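Keep the sequence and the 3D view open while you read.

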Amino acid sequence: TTNQSWGGRFSEPTDAFVARFTASVDFDQRMARHDIQGSIAHATMLARVGVLSEDERDAIVAGLKEILQEIEAGTFEWSVALEDVHMNIEARLTQKIGITGKKLHTGRSRNDQVATDIRLYMRDEIDAVAAELARLRAGLIELADREADTIMPGFTHLQTAQPVTFGHHLLAWQEMLARDHERLLDCRKRVNVMPLGAAALAGTTYPIDRHLTAELLGFERPAENSLDAVSDRDFGIEFAAFASLLLMHLSRMSEELVLWTSAQFDFINLPDRFCTGSSIMPQKKNPDVPELVRGKTGRVYGHLIGLLTLMKSQPLAYNKDNQEDKEPLFDTLDTVLGCLRAFADMIPAIESKKDSMREAARRGFSTATDLADYLVRKGVAFRDAHEIVGLSVAYGIQNHKDLSEMSLDELRQFSDVIEADVFEVLTLEGSVAARNHIGGTAPDQVRAAAQRARDALAQY
Ligand code: ARG
């Protein structure tokens, strides 16, 4: 049969395959609650300006509330023939309340309706994402505070570079996430603008009150231009861009967690509940959660490129292309929420293996720069100090000794400015404690930074 909502000008029914091919109800029904929320606000506004009577409004609102219950109870029958979530709900409303149901769409189009639904839906999801992100950040900050004194090797080129504190490393992750959090909340501002009233593309001839509808729906303001309001999906792209950066960060964290749980690093233990075993190798405990998060980064990047390409070159105003925005957006939201939840649960449960971390820092000549700085303080030019320490390291490699394990006489072979006080700077504790400025790795700085991070997070 021809679709009852627009069949008037058609002389034959839609091809059965085309009906299925063009339908979106299978995936847009997840916006049902927001579609109903938008419709209730629209009907309320129409009654306020006299386009609907109060009785008509009451019948519509009551009918929509019943439909929401049917949907939530799982008894609502979705029909592909009715194309999308919007027409399914509207058809059911008319079935329930009769002719008045047909008045709901006055002064509205599915074009401004769907754009509104997506924004309402995304706004709720963004708030859920922000809450999980905050929970993850809080967990990182507390773990960093507990690990402020724990020494580990810091790396460049994945080669041992200088000792750092584990807490400092964790707070580096926290900083990345703090920027992602800002980006998310900035994106929310542009999501929270109302398309309703734009109608199909040019606005409507009814005396609508867009400020009222916006207020009822908690939008910041009505969208300024009707053509733009129904057509752009840049807010969705922005969310996908936020999600891509977040997942890029989570994938870096994941990579380190995977390395650190390996027997070769052996820096941390992830509790068993976050890992899985092997069906053949009995000894295995695999860091599946970070691996999977690392892997999911790819699909989120894919959605960003997909959405950008979807919008590229689309002429104003609405085009059916836009129906393709939902699946990538929803999958991005689901993926981000899942990854954040997994990380927020897992991060506080990380157990550091302090001896093993310390030993790794000790083995890799990580205090070589401290020795060079010591020589500079004794009057040696930095380039010469670099050379002297390089020779000491070469000697250490040959004789299987770290700098701190050499005797004073051994060290003095390379420079006679070296004295007994050198051993203070060669210790790992001395090395980290000396980097005692804002942004440095000294334990006191880490504790102070954790406190600042806590305060910043509490602002949200
Ligand atoms: N299902 C459509 C979408 O997702 C709703 C808007 C349809 N508008 C139209 N003029 N066909 O974009």
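## Domains, a ligand and some helix pairs

The C-alpha centres of domain 1 and domain 3 lie 70 Å apart. Before we go on, note that this is a predicted model, where local features need pLDDT of at least 70, side-chain atom pairs count only at pLDDT 80 or more, and totals for chains, interfaces and linings use all residues. Residue numbers start from 1 along each chain as its sequence is written.

So how is the protein divided? There's domain 1 (7–106), domain 2 (111–206 + 220–356) and domain 3 (359–458), with bounds that come from an automatic or database domain assignment.

Now for the ligand. Around the ligand you'll find Ser24, Asp28, Asp84, Arg110, Asn111, Val114, Tyr318, Lys320, Asn322 and Gln323; a residue makes the list if its C-beta atom, placed from the backbone, lies within 6 Å of the molecule. Why does the ligand lie between domain 1 and domain 2? Because both domains give residues to the shell around it. Helix H6 (residues 110–146) gives the most to this shell, with 3 residues. By class, the shell has 2 nonpolar, 4 polar and 4 charged residues. Here Ala, Val, Leu, Ile, Met, Phe, Trp, Tyr, Cys and Pro count as nonpolar, Asp, Glu, Lys and Arg as charged, and the others, Gly among them, as polar.

Next, some helices that pack against each other. Helices (H or I, at least four residues) and strands (E, at least two) are DSSP runs, numbered from the N terminus. The axes are lines fitted to C-alpha atoms, for helices over the stretch in contact, and angles run from 0 to 180 degrees between N-to-C directions.

| Helix pair | Axis distance | Angle |
|---|---|---|
| H3 (32–48) and H4 (54–73) | within 9 Å | roughly 175 degrees |
| H3 and H6 | 9 Å | about 120 degrees |
| H7 (166–191) and H19 (443–458) | within 10 Å | roughly 25 degrees |

What do those angles tell us? Angles under 35 degrees count as roughly parallel, over 145 as roughly antiparallel, 65 to 115 as roughly perpendicular and the rest as oblique. H7 and H19 cross at roughly 25 degrees, which means H7 is roughly parallel to H19. H7 passes H19 in a left-handed crossing (the near helix is turned anticlockwise from the far one by less than a right angle; clockwise would be right-handed). Their contact includes Leu171 and Ala178 of H7 along with Val446 and Ala456 of H19, and residues are in contact if their C-beta atoms, placed from the backbone, lie within 7 Å. By class, this contact has 7 nonpolar, 3 polar and no charged residues.

H3 has two partners in the table. With H4 it crosses at roughly 175 degrees, so H3 is roughly antiparallel to H4. Among the residues in that contact are Ile36 and Ile40 of H3 and Ile60 and Leu64 of H4. The contact of H3 with H4 divides into 11 nonpolar, 2 polar and 3 charged residues. H3 and H6, on the other hand, are oblique to each other, and their crossing is right-handed. His34, Asp35, Gln37 and Gly38 in H3 meet Gln113, Thr116, Asp117, Leu120 and Tyr121 in H6. That contact has 2 nonpolar, 5 polar and 2 charged residues.

Last stop: the backbone. The peptide bond from leucine 316 to alanine 317 is cis, with omega near 0 degrees.

Conventions
Two residues are in contact if their C-beta atoms, placed from the backbone, lie within 7 Å.
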